Amino acid sequence: MQNWLRVAISAISKAALIVGLIANWTAALWLIALPNVSYAQTSKAARTADGKPNLNGIWQALNTANWDIQDHAARMGPVVALGAAFSIPAGRGVVEGNEIPYLPEAAAKKKENSEHWLTSDPEIKCYMPGVPRATYMPYPFQIAQTPQHILMAYEFAGATRTIYMNSKLKSPNDTWMGWSVGHWEGDALVVDVTSFNDQTWFDRAGNFHSDALHVVERYTPMSPDALDYEATIEDPKVFSRPWKMKMPLYRHLEKDAQLLEYQCVEFAEELLYGPLRKQKSK
């Protein structure tokens, strides 16, 4: 009787061990497969009627590149009376390799810009921000997409630009936001931007360009609500070679997401035109 009981207990123990192993292996395989299923679901971006990734919506960069596109530590702002309210936040750079290949004379100009930022930065005067700066300013922008044209509307200063898809048209003149011609490379929207003036900067740190600026942008979906943004910068008057900046862009998911007005011209009028005001005669 005791032998039979020992044999039965041993058999039950072995069966339980096998069941436990099977359960553990099943759980492990499920956990391994789960991220793959989740990634497949999240990486499948919505499509437009012509089969292209649907970029329609309101997007925003969440970084400190508008202060400085290179690595930078937190530091005091230029207006002491504002204390921490206008200090400069620390940030990781968005420049590939964290190096901007300035020509020697241009490097001196960048240093001068930085020292006189508060009076020289085009942003302070509410000028059009240019490309790529409009993309990573701390304001959202909206994409409206059709097969022939893609409109980008920026909250800052009401700036806009039209991307002409597969077009051979040339810009009639140089502008603040440049002339944008786009095409698709797989799921990546590639935009070739030329015909800039020399009046915009890349950031508040004084990084700048000339009227020879040429920018190639790539907007590549990473998920339904995130884009990988890359901008290749070329300007032989200022830089010794092309260089890149890269960052993610995120879609606003609020049900009532919309661009609001930030018509900053009136905020800069006193700065720009105050000194020209006619003085009262004594």
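Is Y229 buried or exposed, judged by its relative accessibility? Please describe its surroundings and then the rest of the chain.

Author: Y229 counts as buried, because its relative accessibility is 0%; buried means under 20% relative accessible area, exposed over 50%, and partly exposed in between, with a 1.4 Å probe and protein chains only. This is a predicted model, in which local features need pLDDT of at least 70 and side-chain atom pairs count only at pLDDT 80 or more, while totals for chains, interfaces and linings use all residues. Residues are numbered from 1 along each chain as its sequence is written, and side-chain values use heavy atoms, with hydrogens and water left out.

The structure holds 14 aromatic pairs. Rings of Phe, Tyr and Trp (for Trp, its six-membered ring) pair if their centres lie within 6.5 Å; planes under 30 degrees apart count as stacked, over 60 as edge-to-face, and the rest as tilted. Y229 forms a tilted pair with Y219, at 5.0 Å centre to centre and with 55° between the planes. Y219 belongs to strand β7 (residues 214–223) and Y229 to strand β8 (residues 226–234), ten residues apart. Helices (H or I, at least four residues) and strands (E, at least two) are DSSP runs, numbered from the N terminus. Y219 is likewise buried, with a relative accessible area of 0%.

Other rings deserve mention. Y102, F202, F208, F239 and W243 are linked by ring pairs into a cluster. At W67, R204 lies over the face of the ring, 4.9 Å from its centre; a charge sits over a ring if NZ of Lys or CZ of Arg is within 6 Å of the ring centre and within 35 degrees of the ring normal.

Leaving aside neighbours within four places in sequence, A46 is in contact (heavy atoms within 4.5 Å) with K52, P53 and N54. The C-alpha atoms of A46 and S223 are separated by 9.2 Å, although the two residues are 177 apart along the chain.

Finally, the whole protein may be considered. It has five helices and nine strands. Of its 282 residues, 38% count as buried. Among contacts between residues at least 6 apart in sequence, 57% join residues at least 24 apart.
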